[in-house]
Amino acid sequence: MTINDIPLISFFQRVLDPLIIMGTLYACSMLFGDPFTGYSLVLMILAFFISSAVYQHIDPYRTWRSGRMLAYSRDIVGGWAVTAVILVFLGNVSGLAYHYEERVVLGWFIATPFVLLASHLAVRKVGSDPAKASEVRSVLIVGANDVGIKFAKTIERYPNLFMQVRGFF
C-alpha cells in the first residue's frame, strides 16, 4: 500500500479538490449576481478535469504528509496558477472567454487556493489524531537492528501514515 492509497488522501486528490474548485466557481457566480449558465458549467467541467490532472502531477500531498506547510501552500497555489493559466488559454483559443464575467472569474481565481487550503487544514486538524482513527494499522517490525529502529522512528515521525509500531522480533 502506498501513501496515496490511504483513503482520505486519495479522496481529496481525485474527487474532493476538483469539487471544491467547482463549488467555489458557483459561489463566486452567486456572490457577484452573475447567472449560472451552460458556459459556467463548461468552465466547471474543464476546471474539474484540468485541476485533477495538474494536482496529480504536482502532488501537494507529498508535502502535506511530511508536515511542511509552507511548501504545501506553495504547491496548492502553484497548481492552481497552472490550472488558471490553462483555463485562460483554452478560453481565449476557443473564443469562449467573452461569455464569462471577468470579475467572477478573477474572484474565482483568487478565492480558490484559499478555499482549498482552508478545507485541507480543517481536515488535517480533524483527522490528525491517528490514535482515534479506525484506520490505524499495527506494525510488527521483523529485525531488531539499526534498520528496524530507523524504520520505527520514521513511522512515528509521520502520523498521517496511520501506523503504530507494536514491537520488534
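## Helices, core and surface of a predicted model

The side chains of Arg74 and Asp75 are joined by a salt bridge, with 3.2 Å from N to O. The model that holds this pair is predicted. The two partners differ in their surroundings. Arg74 is exposed, because its relative accessible area of 53% is over the 50% cut-off. Asp75 is buried, since its relative accessibility of 8% is under 20%. In general, side chains of opposite charge can pair when their charged atoms come close.

The structure holds two salt bridges. One of them links Arg74 and Asp75. Glu101 and Arg103 also form a salt bridge, and their closest N and O atoms are 3.5 Å apart. Glu101 has a relative accessible area of 34% and is therefore partly exposed. Arg103 likewise counts as partly exposed, at 45% relative accessibility.

The overall fold can be outlined next. The protein contains six helices and two strands. Along the sequence these follow the pattern α-α-α-α-α-β-α-β. Of the 169 residues in the protein, 36% are buried. The protein exposes about 9,800 Å². Carbon and sulfur atoms supply 68% of that area. Contacts across the sequence were also examined. Among those between residues at least 6 apart in sequence, 75% join residues at least 24 apart.

H4 covers residues 69-94. The helix has 26 residues and reaches 37 Å from its first C-alpha to its last. This is close to the 38 Å expected at 1.5 Å a residue. Just after H4, Gly95 takes a positive phi of about 80°.

The largest nonpolar core has 23 residues. Ile21, Leu87, Trp108 and Phe109 are the residues with the most contacts inside the core. At least two residues of this core come from each of helix H1 (7-31), H2, H4 and helix H5 (102-127).

Helix H2 spans residues 38-58 and includes Ser40. Ser40 is buried because its relative accessible area is 6%, under the 20% cut-off. Beyond residues up to four places away in sequence, Ser40 touches Leu25, Pro35 and Tyr100.

H2 also supplies part of the surface. Tyr26, Met30, Phe36, Leu41, Ile45 and Phe49 form a nonpolar patch there. Together these residues have about 570 Å² of accessible area. H1 and H2 each supply at least two residues of the patch. The largest share, three residues, comes from H2.

Met30 has its place in helix H1. Its relative accessible area is 42%, so Met30 is partly exposed. Leu41 is found in helix H2. At 42% relative accessibility, Leu41 also counts as partly exposed. The C-alpha atom of Leu41 is separated by 8.9 Å from that of Met22. These two residues are 19 residues apart along the chain.

A further pair involves helix H6, which covers residues 146-157 and contains Ile149. Ile149 is partly exposed, because its relative accessibility is 40%. The C-alpha atoms of Ile149 and Phe168 are separated by 8.7 Å. Along the chain, Ile149 and Phe168 are 19 residues apart.

How values were computed
Residues are numbered from 1 along each chain as its sequence is written. This is a predicted model: local features need pLDDT of at least 70, side-chain atom pairs count only at pLDDT 80 or more; totals for chains, interfaces and linings use all residues. Side-chain values use heavy atoms; hydrogens and water are left out. Helices (H or I, at least four residues) and strands (E, at least two) are DSSP runs, numbered from the N terminus. Buried means under 20% relative accessible area, exposed over 50%, partly exposed in between (1.4 Å probe, protein chains only). Contact means heavy atoms within 4.5 Å. Accessible areas come from the Shrake-Rupley method with a 1.4 Å probe; for residues, only the protein chains shown count as cover. A nonpolar core is a set of buried Ala, Val, Leu, Ile, Met, Phe, Trp, Tyr and Cys residues joined through side-chain atoms within 4.5 Å. Patches are made of residues with over 30% relative accessible area and no salt bridge: like charges are joined within 9 Å, nonpolar side chains (Val, Leu, Ile, Met, Phe, Trp, Tyr) within 5 Å. A salt bridge is a side-chain nitrogen of Lys or Arg within 4 Å of a carboxyl oxygen of Asp or Glu. The expected span of a helix is 1.5 Å times one less than its number of residues.
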